[in-house]
Amino acid sequence: MIQKELIHKQRMIVVILSFLVLATAIISAGIGYSSLSFDRLLPTLLGHGTFKEEFVLFSVRLPRIVITLLAGMALALSGAILQGITRNDLADPGIIGINSGAGVAISLFFLFFPIQPGSFVYMLPFVAFIGALLTAFFIYILSYNRKVGLQPERLVLVGIGFSMALSGLMIVIISSAERQKVDFIAKWLAGNIWGADWPFVLALLPWLIVLIPFIFYKANKLNLLGLSEPVAVGVGVSIEKERIVLLLAAVALAASAVSVTGGIAFIGLMAPHIAKSLVGPRYQLFLPVAILIGGWLLLFADTIGRNVIEPNGIPAGVMVALIGAPYFMYLLLKK
Amino acid sequence: MKSSIRFSIKFIIGLSLLFAMFIVAMVFGAAETSIQDVWNALFSNLKSDQINLLREIRFPREVGAIVVGAALAVSGAIMQGITRNPLADPGLLGLTSGANAALAVTLALLPTTNYLGITIACFIGAAVGAIMVFSIGAIKKGGFSPLRIVLAGAAVSAFLYAVADGVGIYFKVSKDISMWTAGGLIGTNWSQLNIIIPFISIGILISLLLSRQLTILSLNEEVAVGLGQKTVQIKTILFIVVILLAGASVALVGNMAFVGLMVPHIVRAIVGTDYRFIIPMSVIVGAILMLIADTLGRTINIPYETPVAAIIAIMGLPFFLLIVRKGGGAFR
């Protein structure tokens, strides 16, 4: 049984975080390169704005806010799963090479396949997914030992190696490409939220709608996997099967997010960790908190990055790394 | 005595391989040249288009490859010796990214800095990056476990690359920075080499002089102290050498991970675990490796160049995995 007080505390935190997300979203909608002042937000939202105000709000800022929120949520969830199955608090889709796998696939797709405007947007998450999946597969195989099963620590090490080598591969691919495509890929790598338009929201949303309930359904399995292998086996979890299914889900979430936002690491590391320190390690409790924190973090980072210098801003990926890496080091120091 | 004779033979074989590879690297490339041209460029006063090209473009470039390969390999060997960590490498442990960040800051704030100034900035940056990683690794007891050090290195590198990216975008110098960091050996010229080579030579010389101490240190800290070694002093000097070597390499070629990781492992398979043999052999193998990578980079996709760093990174991954695999049981 979960204590009543804990549930109560968790509800409070969820409510507070929701407000925080909402407030950040409003602030984010109100500031930026094009002028759209706060007192004009509500009228514009209700359809009384000028053409320019409506354009800025509905076609530029809102989709971007929604995308960053969703992507942050997906990354946080992905990180939470990875930390569960590797039993390592430092696992993150960006750090262990899943992002760069998606990146290589996207660069290849960009360079060697003709681009059709209609289906292109919806193809990207699939392409990223395939790249990320292949990478995850190799990392999994190479950190698997027939006698002991999956070795969580080795998984992290192998992942770091992969992420470095794949970045190298990406440079090779880029170096044989046309100039404009190179610029796009370079920006993608830095984690520039490039897919800030409604079709991209639609491309990202289904993954979350399917996978969030699925992970909640699996929450108890994740709790057990996090304990220790003998315990998990003892209570009847078929470890390898669960691990593979959950790994697939984590890869899908990370890949779909990264395909729209570009290479963003550390969210999947920070959000679950902060959430765990707030409400404890039960997945049922900390997942909603982690999801909200993830969404908020990315939105926050992007809002700052977008406004630090105008008009181009600093890519969200860079901002997140500036916040996330010190946090990661702090974690390493504490462990 | 016997072992040193055997080593001399291996060393001579290595040197001749290096020379052969150097000739291969000089002959192949986007512009057609023959061995005759290479000979004339090196040993005669003749002048022609081909010969000038070899002298002014390809020759400094291959010398750069040799110097950088040697420097990175030696710095990797020293780091692996001091930390007793098979995964130590200047690229993995934050030195490269530190130098990179320092480069970005220098180009942004003092755009008129000359080459020497940039080189010194790279030294400082490499030192900062290394100190960050090592302090995270060393604060806790048993901090030098490979996993911790590599994780700390990955985090510090991510942070410092983000700093470099941010500074580059903020001050609108990202083009200049990427010219440096992704450029590899493209456009290496004699005036750069004149500044870099002294630093690297001094670094390699000191490490050769200290190689016996390094062997003792690499066995066991207590043994080293027991044999009367001033471990703190030796470590400090070696640390400075590593920073000199890695910083100078970054100043010349930008980011280059895995060389310092791969070469000492190859070398250990050839000459064993004595650093008096490992360090000179690392110089040779590192140089050969960089020459191969650079020649591949220039010839895979003529007339375009494939960055050397990328080729090295792809060659390095299997190695990294192998080392992780081999040390599997001991990873805690």
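How many residues does helix α12 of chain B have, and what should they span at 1.5 Å a residue? Helix α12 (residues 259-271) of chain B has 13 residues, which should span 18 Å. The end C-alpha atoms of this helix are 18 Å apart, which agrees.

Residues are numbered from 1 along each chain as its sequence is written, while chains are lettered from A and ligands numbered from 1 in the order in which they are written.

**View 1. Chain A and the confidence of its model.**
Chain A has 14 helices and two strands. Helices (H or I, at least four residues) and strands (E, at least two) are DSSP runs, numbered from the N terminus. Chain A averages a pLDDT of 80, and 85% of its residues score at least 70. pLDDT is the predictor's confidence in each residue, from 0 to 100. Among the elements of chain A, helix α7 (residues 179-189) has the lowest mean pLDDT, 66. Helix α13 (residues 283-308) of chain A has the highest, 88. Where pLDDT is low, the predicted coordinates should not be read in detail. Of the 335 residues in chain A, 51% are buried. Buried means that 20 or more other C-beta atoms lie within 10 Å of a residue's own; exposed means 12 or fewer, and partly exposed is in between, with C-beta atoms placed from the backbone. Among contacts in chain A between residues at least 6 apart in sequence, 77% join residues at least 24 apart. Two residues are in contact if their C-beta atoms, placed from the backbone, lie within 7 Å.

**View 2. Where chain A meets chain B.**
The contact takes 35 residues from chain A and 36 residues from chain B. On the side of chain A that touches chain B, the elements giving two or more residues are α6 (152-175) and α14 (316-334) of chain A. The largest share of that side, 16 residues, comes from α6(A). By class, the side of chain A that touches chain B has 26 nonpolar, seven polar and two charged residues. Here Ala, Val, Leu, Ile, Met, Phe, Trp, Tyr, Cys and Pro count as nonpolar, Asp, Glu, Lys and Arg as charged, and the others, Gly among them, as polar.

**View 3. Helix α12 of chain A and A:Gly268.**
α12(A) has 13 residues and reaches 18 Å from its first C-alpha to its last, close to the 18 Å expected at 1.5 Å a residue. The expected span of a helix is 1.5 Å times one less than its number of residues. Its buried residues include A:Ile267, A:Leu269, A:Met270 and A:Pro272. The buried residues of α12(A) pack against α1 (4-30), α3, α11, α13 and α14 of chain A. A:Gly268 lies in α12 (residues 267-279) of chain A. A:Gly268 counts as buried because it has 35 C-beta neighbours inside 10 Å. Leaving aside neighbours within four places in sequence, the contacts of A:Gly268 include A:Leu75, A:Gly79, A:Asp92 and A:Ala254. A:Gly280 follows α12(A), with a positive phi near 90 degrees.

**View 4. Helices α3 and α9 of chain A.**
Helix α3 (residues 51-86) and helix α9 (residues 219-227) of chain A pack at an angle of about 40 degrees, with their axes 7 Å apart. Axes are lines fitted to C-alpha atoms, for helices over the stretch in contact, and angles run from 0 to 180 degrees between N-to-C directions. That angle makes α3(A) oblique to α9(A). Angles under 35 degrees count as roughly parallel, over 145 as roughly antiparallel, 65 to 115 as roughly perpendicular and the rest as oblique. A:Ile81, A:Gly84 and A:Ile85 of α3(A) meet A:Leu222, A:Leu225 and A:Gly226 of α9(A).

**View 5. Helices α2 and α3 of chain B.**
Helix α2 (residues 35-43) and helix α3 (residues 49-83) of chain B pack at an angle of about 70 degrees, with their axes 9 Å apart. That makes α2(B) roughly perpendicular to α3(B). From α2(B), B:Asp37, B:Val38, B:Asn40 and B:Ala41 meet B:Gln50, B:Ile51, B:Leu54, B:Arg55 and B:Phe59 in α3(B).

Methods:
Predicted model: local features only at pLDDT ≥ 70, side-chain atom pairs only at ≥ 80, totals over all residues.
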